[in-house]
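Please look at the sequence and the structure below.

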Amino acid sequence: QVQLVESGGGAVQAGGSLRLSCAQSGYTYGYYCLGWFRQAPGKEREEVARIDIDGTIKYAYSVKGRITISTDNANPNLYLQMVNLKSAATATYSCATGYSGSHCPGMYDLPHWGQGTQVNLSG
């Protein structure tokens, strides 16, 4: 069992910064196959950033340069540092993880998800 709990969301002004956290507990998959996803009002869920099975970090092109995904040396915990936020960042952000042996599952196949944390932009 893997449990994930997001935190760090809230209201932020346009151009501001925010750091989201994802605390893992239980039987985790280590440092890999971890990702951040978001769903804006009226839109489909999309991938923001992920750490693949080989450690490669992938970012959505629309946020590249303004978002950094990272882990610590604990469970590990997962983080998402966001800077220069725009109104498009308004969404519910969720972390997720999973493992299929040879590769990380795609977004729709990831079995473990957190409850999500809300980010609201103003300006």
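**Strand pairing and surface**

Strand β3 (residues 18-26) is joined to β1 by 6 bridges, and the two run antiparallel; strands here are DSSP runs (E, at least two residues), numbered from the N terminus, and two strands pair if DSSP finds at least two bridges between them. The model is predicted, so that local features need pLDDT of at least 70 and side-chain atom pairs count only at pLDDT 80 or more, while totals for chains, interfaces and linings use all residues. Residues are numbered from 1 along each chain as its sequence is written, and side-chain values use heavy atoms, with hydrogens and water left out.

**The four-stranded sheet**
- An open sheet is formed by 4 strands in the order β1-β3-β8-β7, with antiparallel pairing.
- Because β1 (2-7) and β7 (67-71) each have a single partner strand, these edge strands are left without a neighbour on one side.

**Strand β11**
- Strand β2 (residues 10-13) runs parallel to β11 and is joined to it by 4 bridges, with V12 partnered by L121 in β11.
- Strand β9 (residues 91-97) runs antiparallel to β11, with 3 bridges between them, and T92 stands opposite Q118.

**The loop residue Y32**
- Y32 lies in the loop between β3 and β4 (34-39) and is partly exposed, at a relative accessible area of 39%.

Definitions and conventions
Buried < 20%, exposed > 50% of the residue type's maximum accessible area, 1.4 Å probe, protein only.
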